[in-house]
Amino acid sequence: MQKGAVLVLSGPSGAGKSTIIQASSSEIGEYYFSISTTTRLPREGEKNGVDYFFVTKEHFEEDIKAGHFLEYAQVHGNYYGTSLVPVREALEAGKLVIFDIDVQGHRLVRAKMADIITSAFITPPTLQSLKERLNARSTDNQEIIQERLENAKEEIKAVNEYDFIIVNNTVEEATKRFVTIAKAARLKQSDKDNENFIEHWLSEK
Ligand code: 5GP
């Protein structure tokens, strides 16, 4: 029985991850987008429970102690984490679970669920184009933008750890590629699927 699958998306802030996921949503079938918990402050227009669960540092640290996270990391000086329970439920319901997490989170999730993961790194074509996008978004001040650019320069080095790269030249092209990857992610066979298949294949009936 095919159960759920995981699709991890990473890439610098400003790479266009959420735009691409939204643009693909009608084509990739039913999926569950994992809403992360963070201690960073909401950007203008962001809603609690939609974009993130926004919590205090104390709250986040209590959740760590209680073992609530599948993975968590510190990015740009804030905590970000993926809650375990909703992910487990979505996987049991056979859904494709999409994570927007950083390079550290990808490593942690891959170590825990290697056989059901597909991953893609989304990036603008160059550092310069990322800079332009972050400036155009104008939701962050120069200091924050600089921090994000420095982080992106490190993250790009991890591109080799991903199954696919999506260069976001245009939203249309990147979305097309993402849709193909998401469909393939759904078809990925877990170790359990393979064991069942072999058992069935060998059975004499
Ligand atoms: P932003 O502040 O721009 O929303 O996100 C900053 C970075 O944190 C992005 O690279 C994003 O992928 C990452 N991020 C968001 N949620 C999580 C999470 O739950 N876990 C980890 N490890 N990274 C996350």
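Analyst: First, a term. A crossing is right-handed if the near helix is turned clockwise from the far one by less than a right angle, and left-handed if it is turned anticlockwise. Note that the model is predicted.

Start with H5 and H6. H5 covers residues 127–137 and H6 covers residues 142–155. Their axes lie 10 Å apart, and the packing angle is about 150°. Angles over 145 degrees count as roughly antiparallel. H5 and H6 therefore run roughly antiparallel to each other. The crossing of H5 past H6 is right-handed. On the H5 side, the contact uses Leu127, Leu130, Lys131, Leu134 and Asn135. H6 answers with Gln142, Ile145, Arg148, Leu149, Ala152 and Lys153. By class, this contact of H5 with H6 has 6 nonpolar, 2 polar and 3 charged residues.

Now take H1 and H7. Their axes are 9 Å apart, at an angle of about 65°. Angles of 65 to 115 degrees count as roughly perpendicular, so H1 and H7 are roughly perpendicular to each other. H1 passes H7 in a right-handed crossing. H1 brings Thr19, Ile20, Ile21, Ala23 and Ser24 to the contact. H7 brings Val171, Ala174, Thr175, Phe178 and Val179. The class count for H1 with H7 is 7 nonpolar, 3 polar and no charged residues.

Val167 sits in strand S9, residues 164–167. Val167 is partly exposed because its relative accessibility is 34%, between the 20% and 50% limits. Setting aside residues up to four places away in sequence, Val167 touches Thr123, Pro124, Pro125 and Ala174. Ala174 is one of the H7 residues in the contact with H1. From Val167 to Phe121 is 46 residues in sequence and 8.3 Å in space, C-alpha to C-alpha.

Finally, two sites elsewhere in the chain. Ser36 lies in the loop between strand S2 (31–33) and strand S3 (37–38). Its relative accessibility is 7%, so Ser36 counts as buried. Leaving out residues up to four places away in sequence, Ser36 touches Tyr52, Phe53, Gly81, Thr82 and Asp100. Thr37 belongs to strand S3. With a relative accessible area of 5%, Thr37 is buried. Neighbours within four places in sequence aside, Thr37 contacts Phe53, Val55, Phe60, Phe69, Tyr79, Tyr80, Gly81 and Ser83. Phe53 and Gly81 are partners of Ser36 and of Thr37.

Technical notes
Residues are numbered from 1 along each chain as its sequence is written. This is a predicted model: local features need pLDDT of at least 70, side-chain atom pairs count only at pLDDT 80 or more; totals for chains, interfaces and linings use all residues. Side-chain values use heavy atoms; hydrogens and water are left out. Axes are lines fitted to C-alpha atoms, for helices over the stretch in contact, and angles run from 0 to 180 degrees between N-to-C directions. Helices (H or I, at least four residues) and strands (E, at least two) are DSSP runs, numbered from the N terminus. Angles under 35 degrees count as roughly parallel, over 145 as roughly antiparallel, 65 to 115 as roughly perpendicular and the rest as oblique. Contact means heavy atoms within 4.5 Å. Ala, Val, Leu, Ile, Met, Phe, Trp, Tyr, Cys and Pro count as nonpolar, Asp, Glu, Lys and Arg as charged, and the others, Gly among them, as polar. Buried means under 20% relative accessible area, exposed over 50%, partly exposed in between (1.4 Å probe, protein chains only).
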